[in-house]
Amino acid sequence: MNGPTTRPRDVFAAADLGATSGRVMLGRVGPGRLDLSEAHRFPNAPVPLPDGLRWNVLALFQGVLDGLRVAARSGGVASVGVDTWGVDYGLLDADGVLLGTPYHYRDPRTDGAAEAVWARVGQAELYRVTGLQHLPFNTVFQLAAAAGSAQLESARSLLLMPDLIVHWLTGTVGAEETHASTTGLFDARTGTWSTELLGRLGVAPGLLPALRAPGDSAGELLPYVAEFSGLDARTPVTTVASHDTASAVVAVPATAPDFAYLSCGTWSLAGLELDAPVLTEESRAANFTNERGIDGTIRFLRNIMGLWLLEECRRTWAGQGQAAGLPELLAQAARAEPLAALVDPDAPEFLSPGDMPERIRAHCRGTGQRAPESPGAVVRCVLESLALAHRRTLRQAAELAGREITRVHLVGGGARNELLCQWTADATGLPVVAGPVEATALGNVLVQARAAGLVGDLPSMRRLVARTQPLRHYAPRQDPAGRAAWDAAAATFAVRNQDVPATG
């Protein structure tokens with residue numbers, strides 16, 4: 001027998017794979033207790049190949065195995081759960097072997113693929129079925145770009161990224177529903193694959209596995225995983241809310257209704273938790289998505305290009321030999337001129353890696369603004385633009401869903417950024433509760449703990465987070481001049497980016 005002869009009942013391993021790094025976190029759950037520690041962290045960097053930008057999925061899986069080995073040395077775990085970013089996938093052949101390495105969603109091969117899909121299923125009809133925000137890299141468009149390729153023709157199963165990792169851990173095949181809802185092939189009303197869409201788009205029905213819900217068993221560790229890691233071979237793998245935003249929303253420490261959330265990292269995911277999807281034409285025109293959450297909830301949100309802009313700026317400056325430490329850049333930003341230049345974070349020129357500071361300056365010049373020159377001015381431009389994008393998106397979400405927002409919960413890495421938190425409070429005019437930073441891993445752990453019978457329903461999980469995790473509170477500054485400045489900037493931001501401002 002590999003590993004310890006008994007497993008702890010209250011310790012859970014969360015393999016949390018983000019777009020720039022991965023880690024295995026260990027969570028301990030008990031009455032009034034929710035502790036999290038890092039077992040292993042590893043980078044996640046795409047690899048440019050002759051045929052496009054690919055994920056180094058083998059290195060990611062090795063990182064997961066190394067993290068599980070640390071977990072075994074720490075005393076073992078009750079179960080393992082996996083979450084990742086959305087939309088990307090691997091293809092398996094008839095023997096269950098991976099066909100090539102998965103494409104990165106920032107690869108440009110999907111340019112023009114949306115038009116091929118819309119020729120078969122119009123934009124409005126596609127939205128009425130899937131409720132999915134248009135992003136050029138949605139899975140449905142990736143499949144359109146791959147049509148006719150030898151790889152897709154040979155494929156027998158499509159596994160989304162967390163399901164691929166789970167397959168390598170357990171040998172089982174399935175599709176977790178919160179992740180499936182990001183594909184553009186999932187029916188937002190029924191919570192199932194849309195067989196009608198699959199047929200009209202020429203996707204073989206057997207390509208997509210049966211759906212799993214958060215809390216379902218995904219099997220036990222395969223013998224080779226147990227042998228490599230030292231974990232007990234009977235260790236179960238539990239299906240969690242495997243889209244990282246879905247896991248993060250589980251851990252939003254909301255103790256009252258009428259809240260909005262911002263899951264802020266590489267992307268800012270801004271929205272509301274609803275009981276039913278909003279599939280109106282107004283929602284489609286505003287480009288809101290209806291993705292699945294835990295317990296049949298709907299994550300009604302819009303993706304905003306988030307702190308990716310800042311991190312790409314830092315990468316560019318570091319490559320040029322300039323100081324790129326975050327504390328000093330934020331200190332410079334705090335001293336820079338307020339609201340001097342603003343960009344639309346979702347402008348297409350910001351999607352791909354590159355010289356982000358120069359792209360930001362070019363965007364400002366192209367919209368008739370004075371371009372920010374110093375690093376501090378560029379960082380201030382990015383953070384204030386994100387705060388205004390948060391304001392715009394949350395007000396639109398409330399209007400489209402007929403909801404009132406009284407508080408914003410900002411979770412994820414952005415919760416560490418005091419300037420972004422305060423400016424989001426100032427821009428929205430709402431109090432912001434920042435934290436937990438590790439919301440995704442906490443949500444992963446909590447779903448496993450619930451499957452093990454250690455925690456109760458979603459509200460009780462959130463109360464546990466609120467009681468045990470460090471949170472910071474940011475009140476909107478009330479000086480009239482400051483409020484007027486943000487309102488004026490928001491009006492200019494809306495006109496410049498051709499938005500229709502939400503009322504209120």
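In these close-ups, contact means heavy atoms within 4.5 Å of each other. This is a predicted model, in which local features need pLDDT of at least 70 and side-chain atom pairs count only at pLDDT 80 or more, while totals for chains, interfaces and linings use all residues. Residues are numbered from 1 along each chain as its sequence is written, and side-chain values use heavy atoms, with hydrogens and water left out. Helices (H or I, at least four residues) and strands (E, at least two) are DSSP runs, numbered from the N terminus.

**View 1. Helix H14 keeps its buried residues on one face.** Take H14, residues 356-366: Met356, Pro357, Ile360, Arg361, His363 and Cys364 are buried here. Buried means under 20% relative accessible area, exposed means over 50%, and partly exposed is what lies in between (1.4 Å probe, protein chains only). Looking down the axis of H14, you'd find the buried residues within an arc of 160°, so they line one face of the helix. That arc is taken from the directions from the helix axis to the C-beta atoms. What do the buried residues of H14 pack against? Their partners are helix H12 (308-319) and H15.

**View 2. Asp355 caps the N-terminal end of H14.** A side-chain oxygen of Asp355 sits 3.3 Å from the backbone nitrogen of Glu358. For a polar contact, the pair must be N or O atoms within 3.5 Å; within protein, one has to be able to donate a hydrogen and the other to accept it, and residues adjacent in sequence count only if both atoms are side-chain atoms. Just after H14 comes Gly368, with a positive phi of about 75°.

**View 3. H12 packs on H14 at an angle of about 120°.** The two axes are 7 Å apart, and the angle makes H12 oblique to H14. Axes are lines fitted to C-alpha atoms, for helices over the stretch in contact, and angles run from 0 to 180 degrees between N-to-C directions. Under 35 degrees counts as roughly parallel, over 145 as roughly antiparallel, 65 to 115 as roughly perpendicular, and the rest as oblique. From H12, look for Trp308, Leu309, Glu312, Cys313, Thr316 and Trp317, which meet Met356, Pro357 and Ile360 of H14. By class, this contact of H12 with H14 has seven nonpolar residues, one polar and one charged. Nonpolar covers Ala, Val, Leu, Ile, Met, Phe, Trp, Tyr, Cys and Pro; charged covers Asp, Glu, Lys and Arg; the others, Gly among them, are polar.

**View 4. H13 crosses H15 at roughly 80°.** The axes of H13 (residues 326-335) and H15 come within 7 Å, and the two helices are therefore roughly perpendicular to each other. H13 brings Leu329, Leu330, Gln332, Ala333, Ala334 and Arg335, and H15 answers with Pro375, Gly376, Val379, Arg380 and Leu383. The contact of H13 with H15 splits into seven nonpolar, two polar and two charged residues.

**View 5. H15 also crosses H19 at roughly 80°.** Here the axes of H15 (residues 375-401) and H19 (residues 480-496) come within 10 Å. That makes H15 roughly perpendicular to H19. On the H15 side the contact uses Glu384, Ser385, Ala387, Leu388, Ala389, Arg391 and Arg392; on the H19 side it uses Trp486, Asp487, Ala489, Ala490 and Phe493. Sorted by class, the contact of H15 with H19 has seven nonpolar, one polar and four charged residues.

**View 6. Thr139 is buried in the model.** Thr139 belongs to helix H4, residues 139-146, and its relative accessible area is 1%. What does the side chain of Thr139 reach at 2.6 Å? It's the backbone oxygen of Val87. Setting aside neighbours within four places in sequence, Thr139 is in contact with Val87, Tyr89, Leu160, Thr182 and Thr183.

**View 7. Thr238 is buried in strand S14.** S14 spans residues 236-238, and Thr238 has a relative accessible area of 10%. Apart from neighbours within four places in sequence, its contacts are Ser79, Val80, Gly81, Gly215, Asp216, Gln448 and Ala451.

View 8. Asn287 has a positive phi near 65° without being a glycine. Asp295, not a glycine either, has a positive phi of about 60°.
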